[in-house]
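Here are some notes for reading this structure. Please keep the sequence and the 3D view open while going through the points.

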Amino acid sequence: MHPFFANGSRILVTGITSIHGWPIYKRLKAVLHSERLFGIRPPNMNIPGDKNVASICMTDREELERIRDEFQPTHLLHAAGVCDLDMCEAKPLYAYDINVNGAKNILSVFSASSYIMYMSADLVFSGNNPSVLGYAETDKPDPVSVVGKTYALAEKEVAKAARHSIVRLGLPMGDSIQGEKGAVDFIEGRLKRGLPMSLFHDEYRSCIDCDDLADAVISLFSMEVEDYFTSAAPGR
């Protein structure tokens, strides 16, 4: 076991039902005693049914404060947010509330006592002017979608924390907890039902297997890395 997981750290993970949060949460369950791991799922979810899991919206500051006071996390991995492109374009204020105001709540409630890692995405980049080697940590975000714009604003909030890191993920590919979320589930579900599907033909993104993603993120998390980490290929 990595020394980090044996030193009494208490880890809070938000967004445990997201396509990237679920594999991370499962990995942490395998190495941490249940009393040292707490997960937050969306208000309308009842899975997973683990004892130390609660359904909380990122905009509910009072509930976040309750979790802080009762669980007393030393480390927080923030994987919650809304990333549905169509939904966010149709409801930009909702996307801002969950992604940006949610990040503000995370920072104000937990930053004084916790190291915070934020799971952002390559969508903070437009893909219009990438280098031939892809994007790097030094590239300036220039998002074109509501998702990307709210992620970039959330990054700025998290960056105010004294102890933080921001990981910009590529496109996670793997199984979801619901069996109907993410690229793999979407394509498989449409094929099984003999239905057509709409796919991008002018978008190029780095993909990452969800299990590999979990291993990489937990490794970075255990080292309490600082600043930005980007894995993104040229876009459109």
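1. Arginine 10 touches Glu35, Arg36, Phe71, Gln72, Pro73, Thr74 and His75, leaving aside residues up to four places away in sequence. The model is a predicted one, and arginine 10 is found in its segment before strand 1.

2. One of these neighbours also makes a polar contact. A polar atom of the arginine 10 side chain lies 2.7 Å from the backbone oxygen of phenylalanine 71.

3. Sequence distance and distance in space should be read separately here. Arginine 10 and leucine 76 are 66 residues apart in sequence, but their C-alpha atoms are 8.5 Å apart in space.

4. Is arginine 10 buried, partly exposed or exposed? Its relative accessibility is 25%. Buried means under 20% and exposed means over 50%, so a value in between counts as partly exposed. Arginine 10 is therefore partly exposed.

5. Serine 9 is also found in the segment before strand 1, which covers residues 11-14. Serine 9 has a relative accessibility of 2%, so it counts as buried. Residues up to four places away in sequence aside, serine 9 touches Phe4, Leu32, Arg36, Thr74 and His75.

6. In one of them, the rings of phenylalanine 38 and phenylalanine 71 have centres 5.6 Å apart and planes at 50 degrees, so the pair is tilted. Phenylalanine 38 lies in strand 2 and phenylalanine 71 in helix 2 (residues 61-71), so the pair ties together parts that are 33 residues apart in sequence. Both phenylalanine 38 and phenylalanine 71 are buried.

7. Which residues of helix 1 are buried? In this helix (residues 21-31), they are Gly21, Trp22, Pro23, Ile24, Tyr25 and Leu28. The buried residues of helix 1 pack against strand 1, strand 2 (37-41), strand 3 (53-55), strand 4 (75-78), strand 5 (115-121) and helix 7 (210-222).

8. The last point concerns empty space. Rolling a probe the size of a water molecule over the atoms shows where such space is left. The second largest pocket holds about 150 Å³ of space. Its lining consists of Tyr25, Lys29, Leu32, His33, Ser34, Glu35, Leu37, Asp50, Lys51 and Asn52. What kinds of residue make up the lining of the second largest pocket? Three are nonpolar, three are polar and four are charged. Tyr25, one of the lining residues, is also among the buried residues of helix 1. Leu32, another residue of the lining, is among the residues that serine 9 touches.

Notes: Residues are numbered from 1 along each chain as its sequence is written. This is a predicted model: local features need pLDDT of at least 70, side-chain atom pairs count only at pLDDT 80 or more; totals for chains, interfaces and linings use all residues. Side-chain values use heavy atoms; hydrogens and water are left out. On a 1 Å grid over the protein atoms alone, a cavity is a set of points where a 1.4 Å probe fits but cannot get out, and a pocket is an open set with protein on both sides within 12 Å along at least five of seven lines; lining residues have an atom within 4 Å of a point. Grid points are joined across faces, edges and corners, and a volume is the space filled by probe spheres set on the points. Ala, Val, Leu, Ile, Met, Phe, Trp, Tyr, Cys and Pro count as nonpolar, Asp, Glu, Lys and Arg as charged, and the others, Gly among them, as polar. Helices (H or I, at least four residues) and strands (E, at least two) are DSSP runs, numbered from the N terminus. Buried means under 20% relative accessible area, exposed over 50%, partly exposed in between (1.4 Å probe, protein chains only). Contact means heavy atoms within 4.5 Å. A polar contact is a pair of N or O atoms within 3.5 Å; within protein, one must be able to donate a hydrogen and the other to accept it, and residues adjacent in sequence count only if both atoms are side-chain atoms. Rings of Phe, Tyr and Trp (its six-membered ring) pair if their centres lie within 6.5 Å; planes under 30 degrees apart count as stacked, over 60 as edge-to-face and the rest as tilted.
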